Amino acid sequence: MKLKYLYIAILSIFLLSTTVALQTNEVADTYKLLSKKSSYTAGDAIKLQFSFTGNTDVHLYCSNSYGSVVLNPDINSSKFHFSIPQSISKKSGILNWQLISDKTELKGQVTIKSKTSIETIESYLGPPSIEVGGTDFTMLVVIPTDDLDNPLIDSTKVDIKHQFLFNQEASDVYTKHGFSYKNIYSKTKSGRILISSESLGLNSKEYDVNVVPAIPTNFKISAERIHDYADGNQITTFKTNIIKDRYENIVSDGTFVTFFITNKDGYKSKTSGSTINGIATAKLLQPDHEDQWSVKAYVEGMANSNTIVLDYKQAVEDFEVTFSKDKRTITIGPLKSFMNQRVPDGLRVQLTISKNGIIEDQSIENSLNGIAKFHLNPDRFPKGIYKLEFTAAGITKTYTKVAYE
Amino acid sequence: MKNTSNKYLITALLIGIAFHGTSIFFTLETTYDALIHLFFADHYAMSWFEPWNYKWYTGFTVMSYPPLVHQSIAALSLIGGLKFGMFTVALIGVVLFITGIYRFALLMTSNRIVAGYAAILAVFSSSFVETLHIFGQLPSIIGISVLMHALPEIYLWLKTGKKSYLATSLSLIAVTVTSHHVTPIFGMIFFIFPLIGMVIMDASRDSIGSIKAVTFKVFLNTFFKLFKRIISFGMLSLVIIIGCILPYWINSKNNPITQVPIPHGSRDNFLEITSSGLVFFLIPWGILLIVLPYIFYRYYSKRYLFFGLSLTILFVLGTGGTTPIPRLVLGETAFNILTLDRFTLWASIMSLPLFGEFVYRFVEGDLKTLIQAKFGAVYHRIAGGVLAGLFLFMTIFAMSLSYFKPSQPQQIKMLPIVNFLNQDQHDQWRYMTLGFGDQMAWLSAQTNAMSVDGNYHSARRLPELTTRPIERLENSKFKGVEGIGSLQQFLTTPEKYNFKYIFSNDKFYDPILYYCGWQRLRQLENGIMVWEKLNVPPLSSILPKEDVSTWQKILWGIVPFLTVLVAFILNIQLPLVRSLKTKSKITPAYLNFKNNYNQFSRGVLKLTHIWSIILALIICYGAYLFYIKNESHHSPENAIIAYYDALDFKAFEKAHSLINPKSDLPIAQYMLEISVTDGLLSSYAKLDAITTEIISQTDNLASLKVYTDWITPLEKIKKTDYKTVVKIAGKWYIEPEDIDLDLPPDQLYSSNTTNYFNQGRRRITTEQTHHEDVLKQPVLEILSAKLVKFENHYAIVGEVQNIDNVPSDVVLKGTLYNDDNKFLATYNAKYHLKHKLMPKEVSSFRINFEGIAWSKTQDSIPKTFNPDEFTPIEFEEQPTKFNLQAAGNVSGSDLFKSTTANITTIDDSYISGTLFNGGTEEVTIPQLLVSYYDENKTLVWVDHLFVKEGIRQQRLQSFKYPLLTNESIRIINNDMTNCFVNGLPNENIADKIVSDRILNHNNEELQTIDHPIFKFVKLEINTYIGNPN
């Protein structure tokens, strides 16, 4: 047991003595930057040279807009130097460096300037469509760059040109923080603006911006129909006049116009159309009974039309109801239209069957050759007294006491 | 004994390979499971040691299934492709199965000829044919086959105590467990326990000389004598079972299966659902049913007693829900997780040795002698012919089942889809397939793109999936309403899953895609329609995964093949070397227990006869019932049901054959009438239930009330029809219905519309779209938005307008917060929005906040569910604020707006009117959006109605909309400060374009209604065009 403590003691002494020894051995390391040049042109080889005494276990940490890198030195007796790699040295901007050693922290900066000759023009434009009226604008950003993709030095002149209708304009802007920009405002006409730029004799490609019309203004509507009889078959077409914005531009194709139709009972119908060359067209089937429509169209929240009133004359004046022997087959018609012609197939005849004041069934039959037929199934409608109501073309005929066996 | 090769076994192998080897090329790819295993194999082929797979279910781990079979296919795929690997493994499975049956039969009967017979019968065994060619369960087949190879080794270890047998048996158990985890666990219970019993019997017999003298006491004594061997084997195999696929067990423990059980046909009552009875009982048992008395008689003899018990349990468990016993025995949970067909498979496999014995005795043994003596040689031949005929019939029937009743859609050419996904960075988004069946796994194996869906339901992770009893979204229509309900949640909020493309092979889903805001992109050359959703961000380049430690990955990657290698060395190589060296052959111990095939029991023969007659009677009665139920002209009900079935399956010729032949309706006219009807009900509905009620019936005439439930992709429809049925020449027919007589006014007419085309990338390049080709997002304006509480759920309602000059696709996303700005829920607008808006068009909208349906308890799943219903999210706290994000994207599709709505009458409960189609497209499904306003003309609620019938051009369609009743409704918040359009504040963007908006512009155009709460309504129409011109 005692022996163990002895070992530990000896070991501790040994360890302590070596640490002390290490401490006493230390000599102060010194490093000094020899390179005096602090400004380079992009693409130039950059070498940072240092003189040193002491430890050579050093690294150079470099960082610029492109990224960071840690370099090893090339050592040559009392000096060493670092070669900055191409990937870093070809980027313009500030290159920060820092010498990493055990003790000393030496740091500095190198400025890398872009080349003076232009290689490309980088340009961005957006948004690609703007509204007329002079408040909406699109922005062109132009970055003249050298062959290493560095933006040219600030205050490089950029000529931004644009063409709209019969005008062509050019304006000079100067780069700042590496780029130049210009806001191009819309005029009062819709159309397309073509835009390009030039710098140091180099021209960009063509850009275009669509100037779209502003919101529509109030408009007028009209209706077209084959005849003014309520035959429930022909179609009435509603049309707007050419809808324009407040600068007299025709609104964009596809502008959605909703037509609201109110009939004399106060029920609403709704049809819609989208504009082509400013004119929206909408269709609606004519009523099957005498009616009056008042029609108004809207582009919601923006514009509306006048109200027009359309009258529809009764086409079917009256119809006959014929019961079969067992009263279960009922023939409606012949249904005759305004020239006493049979109504076109498909006039809707509705039958409402009620018993003791409760509606049992409602069925709709379409006319064929002017005639509509109902058949009351004895299983559905067993023995009893029923009230039958036939409605066609707005005319209702009621049979209050129809007895079935 | 001279050891010659068994010619029966050789024959069985040759026939087996020829028979199965040729037919797998026609069957395996259309089975349920094979392609799933192929997908797993593809995973291992790509990354052997990395268990995480991103392609399905937003990522899952392949450690959820034992890897051996998949890894074997993967290894073989390096030689000749994935399918080569799959077919090769299937062939290996066939060989292993036949030899396995041979060895098992030899062990049981100690007779090489009998074992040879069993091997030949195994080739054609209907349960094996079904498992391989219909189900495609490769791992299960390999597992059970290897287990059968293990049985003789286990016997020998227990009997002789030689350590080498312990090693061989354990090595085979290891292979079994790495190919299929369930097989060794249940194999322990149903095969190895009875085997242990048999060994004890044999050992007892050895000790006292005669099987008859074995008493329970002797048995118990022997058991204690062998106890050490039994327990050592048991413990070691447990270690093997756990150790070899340890990562699997760890994964199962970490991700326990908490899913709602998926219904499986094997749990049905086979008497009620006869199709399940056929597939899961009749086919696997096949001809074995006839010899059941013999099999039970033999297995209940003293030596096999424990096999008899095991077989009985297997038989009963295999009957599924027919009797309550399986549910009682297994318990509710196990009953709902396990597929019970495997018990029948094992029972039939267990019966094969004795079936071989029966056939041997019948063909050349004592049974032949007995029958010939009793009934004569001719009877023997006829009986043999009948048995052989039935046996082959069952085999052929099982083999061609998928021909008669295809379980999969037609084979789809995947190349166009794979190409589509590879083009244009389409694989940067997730996709989904619809109506592909199990072929989706094959697509997944071929592409790098990821799917939201998947085909291995145990690995599902998203709660949207695990809370539903659906295997995959892909075939959700077959899962009825739960399926569609789940699908629509994915369709409504696809951004959540970076889910942009859908490949649809089934037009059934088209309406739901449209109404959830998806648009058709184009049809690929294989006929698959591609749908896309706008405004979905691409997948991030780093996706989350659940990593496991490296030792697990290494274990998982190495152990399965290692087990095969060890098993190969121990079972084949060593004995081979030994036999080459020594030339002497030891007879295995089990060959000493020969059976006596001299005296076939007369009682059993009699019993078999009686049993056969009973079986024949049952089958005849079943066939009669089947005929009565399915003969369409037999009764009025049959005629109606057959007619609706025919309509449901679009078998119009069949439907026409049920129409009164005297009604003067030629098939041409009938087909024409069918072809012009379109709509939700006639084109997209699936008949869910039908009941008929006879109102009156005479000898020749009957009136029926037919109640039908239809499942459509959008909602469930209940319909009541009145049908008249007449009897002509003893057959019942249906009277045809009237057709629409309406004649449109114009023969030919024109219509002008504005069409749009987006070039996309103007330059053909694989680079990212150049900035100048990116269109500006159309500017929308949220005109109004408010948070309302309707009954007991919350919704955001309002109106949105496209104030730009180009048509826009609209995505609305609402988020709810409480007073402390705590996030509560987020959801997108689904049906209550016109997703495509023309310039300046307005749409009302409503955002429902759907919870993950039925996430709370399993029993709250409604028996009948309407796809249109949803489970409102459960809020822990009161939502008081909302955030609404509207996103517009230029879209030129689905801009048909030529439908008009006319109100004709309004009463207390209905708005009736007509819809008129004035355009040139046929409207397939019209939808009415009904906005309700209060007395101040403030929008308070938005409702919808899908009109069941379509509208042809220039024709009318009537509608009847039921007004809401007196529901309680309360506006909670109408502060619109948190409304944003394309990420910018709504107010600023609106001011810029429509600075002097006319407020409440068309207020006077609202329809007045007489209602206690709501005073005005507004109708809007949204139309789905099924077949754009």
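Helix α26 of chain B spans residues 602-630 in this predicted model. The helix has 29 residues and extends 42 Å from first to last C-alpha, close to the 42 Å expected at 1.5 Å a residue, where the expected span is 1.5 Å times one less than the number of residues. Helices (H or I, at least four residues) and strands (E, at least two) are DSSP runs numbered from the N terminus. Of the 29 residues of α26(B), 0 are buried, so the helix lies largely in the open. A residue is buried if 20 or more other C-beta atoms lie within 10 Å of its own, exposed if 12 or fewer, and partly exposed in between, with C-beta atoms placed from the backbone. Residues are numbered from 1 along each chain as its sequence is written, and chains are lettered from A and ligands numbered from 1 in the order in which they are written. As the model is predicted, local features need pLDDT of at least 70 and side-chain atom pairs count only at pLDDT 80 or more, while totals for chains, interfaces and linings use all residues.

Strand β5 of chain B (residues 499-504) has 6 of its 6 residues buried, so this strand is largely enclosed by the rest of the structure. Strand β3(B), residues 430-434, pairs with β5(B) in the parallel sense over 5 bridges; two strands pair if DSSP finds at least two bridges between them. In this pairing B:M432 stands opposite B:I502. Strand β7(B), residues 529-532, is joined to β5(B) in the antiparallel sense by 4 bridges, and B:Y501 stands opposite B:E532 there.

The contact between the chains takes 45 residues from chain A and 44 residues from chain B, two residues being in contact if their C-beta atoms, placed from the backbone, lie within 7 Å. On the chain B side, the elements that give two or more residues are β8 (686-697), β10 (716-728), β19 (899-906) and β27 (1007-1008). The largest share, 5 residues, comes from β19(B). This side divides into 19 nonpolar, 16 polar and 9 charged residues; Ala, Val, Leu, Ile, Met, Phe, Trp, Tyr, Cys and Pro count as nonpolar, Asp, Glu, Lys and Arg as charged, and the others, Gly among them, as polar. Strand β23 of chain A (residues 268-274) pairs with β19(B) in the antiparallel sense over 2 bridges, and the bridge partner of A:S269 is B:N902.

Strand β27(A) is joined by 3 bridges to β28(A), residues 329-332, and A:F323 stands opposite A:I330.

Residue A:D231 is placed in the loop between β20 (229-230) and β21 (235-240) of chain A. With 26 C-beta neighbours inside 10 Å, A:D231 counts as buried. Apart from neighbours within four places in sequence, A:D231 is in contact with A:Q286, A:D288, A:A315, A:S337 and A:V343.

The average pLDDT (the predictor's confidence in each residue, from 0 to 100) of chain A is 87, and 94% of the residues score at least 70. Over residues 19-26 of chain A, pLDDT stays under 50, and the model has 0 contacts beyond four places in sequence for this stretch. Where pLDDT is low, the predicted coordinates should not be read in detail.
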